[in-house]
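Hi there,

Here is the structure I promised to pass on to you.

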Amino acid sequence: MISAALFLLAGLSIASPPHANAQEVISEYQVKAAYLFNFLKFVEWPSDAFSDPLAPIIIGITGDDPFGSTLQQIVLGKTVQDRDVIIRKYRPAEDLRSCQILFISPSEEKRLPHILESLRGSSVLTVSDIDRFVESGGMIQFKMENSRVRFSIGLAAAERARLKISSKLLAVAQAVSTGKE
Amino acid sequence: VGAAAQQPPEQTTQQPAQGSQQQTQQPQQKTDLASMSLEDLMNVQVTTASKTEQKLSRVAAAVFVISQDDIKKSGATNIPDLLRMVPGIDVAQINANTWAISARGLNDRFSNELLVMVDGRTVYTPTFGGVLWDTLDLPLEDIERIEVIRGPGGSVWGANAVNGVINIITKKAADTPGVMVVAGGGNLDQGSGTTQYGGSVEGNTNYRIYTKYFNESQQADPAGQPGGDGWHMLRGGFRMDTALSSKDTLTVQGDLYTGEEGQTSPFLPSVTSPALIDVNTQFNLSGGYLQGIWNRVYSPRSDITLQISYDHYKRDDVLMETRDTLNIDFQHHFLWGDRQNVVWGLGYRYTTSTSDGTLAVSLNPADYKTQVFSSFIQDEIALAPERFYLTVGTKLEHNAYTGFNLMPSVRATWTPTTHHMFWAAISKADRTPAEIDTSIRLNFGGFTGSGGTPVLESLIGNPNFQNEEAIAYEMGYRATVSNRLSLDLTAYFNSYTHQETTEPVPEFLEPDPAPPHFVMAETYENLMNGEAHGIEAAAKWKVMDRWTISPGYAFEEIHMHLAPTSQDTTSIMDAEGTSPRHSAQLRSNVDLPHHWAWDTSAYFVDRLASGNVPSYTRLDSQLTWNWKKMLTVSLVGQNLLKDHHLEFVDDSGSVESTLEKRSAYVKIVWHPELKGKSK
């Protein structure tokens with residue numbers, strides 16, 4: 001009877017039947033994956049961020065991949081700014097500077113300062129949902145608000161990386177931090 | 001119906017976020033996420049609580065989900081009536097405010113093998129090890145869904161989840177914004193209503209507060225006399241959900257209630273009275289709970305939950321019981337490697353109670369303080385991701401009466417194609433002694449013995465009562481035959497050992513209460529074994545776009561045998577004869593033009609040998625009109641086929657039955673702010 005309690009939150013909880021109100025249930029990381037893809041359209045990279053004019057845009061993931069197949073399905077067959085979009089999962093200690101946008105998984109919280117340090121001087125757009133990511137020098141941090149995914153932007157860090165973030169993205173961000181730390 | 005069956009795996013969009021190995025198998029999304037704009041994305045509501053939810057297509061158990069839509073269409077006004085739609089759940093109303101409810105038989109007013117929870121909070125009372133259905137209430141509009149699992153949940157849920165687990169999950173506060181007013185009345189419902197307000201503070205905190213009241217008139221007893229079982233109750237409660245950080249959520253909820261109800265119960269004037277007499281009493285009851293649930297998500301692969309609840313109730317019925325219970329539960333869930341999904345947890349319960357019974361019914365000792373420690377671990381192993389899963393687990397629990405109990409289980413699912421799923425399970429489940437098993441004292445009346453000394457006939461609890469044990473073998477099949485038809489079939493065999501019997505004890509002399517008298521008593525022993533087998537079927541068939549029918553059927557048969565040393569004469573009948581051999585449900589839901597809907601439910605319940613209850617069919621029907629989602633008006637008829645009918649006779653004689661009468665009511669639900677919103 002006792003630990004009855006929480007188990008439904010974890011193990012055996014059952015998704016409510018979708019027919020009920022025909023309302024589709026979308027998970028947090030499906031939405032975050034869609035955001036990642038959207039960010040590509042609102043950020044301009046310096047030309048030296050790509051090895052050649054035809055090189056694809058690389059979405060990198062470091063740490064445990066929370067997206068599963070979702071991200072792959074979203075980018076499949078898509079082009080942005082006339083470039084293909086591909087996904088690359090980095091192993092620990094691999095050079096992260098080869099991607100244009102890097103998602104830092106929550107599993108990397110402890111290594112975050114090291115990861116950001118290793119990107120210094122590069123033009124990689126860093127995205128994460130780690131707490132205080134923007135304050136730590138990250139560029140886009142996902143935040144949950146009322147079961148909705150929102151984000152804030154660390155503009156100073158993005159400018160240092162020579163990234164141009166469109167005003168449209170800045171307008172919908174929950175907060176934009178311009179402070180130089 | 002077959003909620004189980006309603007959810008074809010390919011439609012399961014609820015991402016379990018259980019690591020990539022499952023998600024890489026995830027079928028195409030229905031929503032094209034790639035084409036969503038920033039603005040769209042900002043408004044998508046996501047399920048953060050589902051981090052560790054398991055897909056229904058993978059649950060190796062007999063699962064039935066009652067959705068909010070099912071609740072609306074049922075016309076039911078209380079939780080027991082909602083459970084009638086689940087094949088394999090036996091729901092029988094004894095009087096206006098008392099029910100006997102069980103899963104897979106062994107039904108009784110004091111059924112003790114079904115575990116019921118509200119948002120993970122156990123609503124079990126250790127007095128008899130079951131549920132006080134009269135005080136289990138909340139605004140039905142706030143229920144997100146009710147998950148019903150027939151069969152043992154012992155390895156995870158622990159003792160007393162022998163034959164079933166029911167978890168009532170309420171909506172998040174964010175999902176019940178604004179004002180809601182519900183008002184109703186009819187011939188049985190003498191006036192009922194709910195008022196609720198949901199709001200938010202600072203964007204990250206949502207809350208709702210509500211009050212609910214109902215007043216239900218009395219029914220007639222089998223002789224046609226007024227049953228004196230009318231009741232009314234006032235309840236107020238709240239729920240608050242806060243995101244403390246991007247990783248932490250806190251839910252705080254609670255309620256308080258006060259009410260009065262009537263019952264006809266046995267009373268014994270003195271030890272020399274020849275027999276019990278039935279006395280109708282009106283008594284007060286009150287109580288409430290407060291609970292907090294803190295959840296921290298370390299990563300999509302690991303999260304912890306801490307749940308603390310405090311519960312108090314006071315019932316001025318024959319036992320005059322007051323009880324306070326503290327529950328603390330901790331749980332950690334994590335993905336281990338690519339293929340293992342592990343959950344483990346620790347639990348602690350402390351409960352303290354006082355009682356002041358009558359000569360007819362009392363507890364000895366009258367006051368209790370007990371604690372239970374528990375732990376469990378379960379590992380779901382993806383032997384072949386999306387195709388074949390094996391789940392092994394065990395619970396280890398310690399209680400004051402019988403010490404340590406180990407309750408292991410093994411479950412497997414096989415999904416050869418996305419439209420078909422087979423599952424099988426073997427599990428051990430124990431029913432640990434409740435206070436009435438160890439401490440009850442019932443006096444039935446007396447006669448003058450051969451030497452002129454009075455003799456009192458009694459039933460006395462046994463402090464050495466042992467666990468009742470069950471091993472359950474189950475298998476099931478769920479299928480989506482087409483996009484209009486789904487099926488859910490289950491078969492089970494239960495082997496019961498050490499079941500409760502009543503056995504004579506040597507006569508003894510008792511000085512109190514005066515005059516001194518001999519006691520000719522029986523006590524509880526564990527001298528009965530038995531088997532139960534049954535099948536349950538549920539289907540959902542969308543006959544036309546506007547018309548859905550949901551049939552269900554259950555067959556159950558129980559055979560008990562006494563040990564050679566037993567002298568019991570009643571327990572076999574009490575076990576075998578208190579549940580219907582056949583029961584069937586048929587629900588029809590029609591969406592009519594111009595925002596009208598017509599929903600009808602029929603429930604057939606076979607005769608019960610215990611108490612000679614004839615078979616009956618109950619028919620409920622409701623006509624609903626909805627105006628711009630803002631206003632819903634329903635006209636509901638219940639028990640339409642007969643003027644009145646009997647559903648159950650309590651074999652312990654603790655309460656007299658009344659007859660369920662034909663009734664009708666009108667209900668209005670008003671959401672002034674929902675106008676035009678698509679919510």
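B:Q291 is part of strand β15 of chain B, which covers residues 277-299. Please keep in mind that this is a predicted model. Is B:Q291 buried or exposed? With a relative accessibility of 2%, B:Q291 falls under the 20% cut-off, so it counts as buried. Its side chain reaches the backbone oxygen of B:D119 at 3.4 Å. If you skip the neighbours within four places in sequence, the residues in contact with B:Q291 include B:V118, B:D119 and B:R121.

Now over to chain A, with the overall picture to begin with. Chain A has 6 helices and 10 strands. Of its 181 residues, 60% count as buried. Taking the contacts in chain A between residues at least 6 apart in sequence, 58% join residues at least 24 apart. The accessible surface of chain A is about 7,400 Å², and carbon and sulfur atoms account for 50% of that.

How many aromatic pairs turn up over all chains? The search of the whole structure gives 19. One of them is formed by A:F39 and A:F151, an edge-to-face pair with 5.3 Å from centre to centre and 75° between the planes. This pair links distant parts of the chain: A:F39 belongs to helix α2 (residues 28-39) and A:F151 to strand β8 (residues 148-154), 112 residues apart. Both A:F39 and A:F151 are buried.

Another edge-to-face pair is made by A:F67 and A:F103, with centres 4.8 Å apart and planes at 65°. Here too distant parts of the chain are linked, as A:F67 lies in the loop between β2 (57-62) and α3 (70-75) while A:F103 lies in strand β5 (residues 101-104), 36 residues apart. A:F67 is buried, and A:F103 is buried as well.

A:F39 and A:F151 also belong to a cluster, which ring pairs build together with A:Y35 and A:F142.

Finally, two charged side chains to look at in chain A. The charged end of A:K32 sits over the ring of A:Y29, 4.6 Å from the ring centre. For A:R83, the charged end sits over the ring of A:F50, at 3.6 Å from its centre.

Note on methods: Residues are numbered from 1 along each chain as its sequence is written. Chains are lettered from A and ligands numbered from 1 in the order in which they are written. This is a predicted model: local features need pLDDT of at least 70, side-chain atom pairs count only at pLDDT 80 or more; totals for chains, interfaces and linings use all residues. Side-chain values use heavy atoms; hydrogens and water are left out. Helices (H or I, at least four residues) and strands (E, at least two) are DSSP runs, numbered from the N terminus. Buried means under 20% relative accessible area, exposed over 50%, partly exposed in between (1.4 Å probe, protein chains only). Contact means heavy atoms within 4.5 Å. Accessible areas come from the Shrake-Rupley method with a 1.4 Å probe; for residues, only the protein chains shown count as cover. Rings of Phe, Tyr and Trp (its six-membered ring) pair if their centres lie within 6.5 Å; planes under 30 degrees apart count as stacked, over 60 as edge-to-face and the rest as tilted. A charge sits over a ring if NZ of Lys or CZ of Arg is within 6 Å of the ring centre and within 35 degrees of the ring normal. A polar contact is a pair of N or O atoms within 3.5 Å; within protein, one must be able to donate a hydrogen and the other to accept it, and residues adjacent in sequence count only if both atoms are side-chain atoms.
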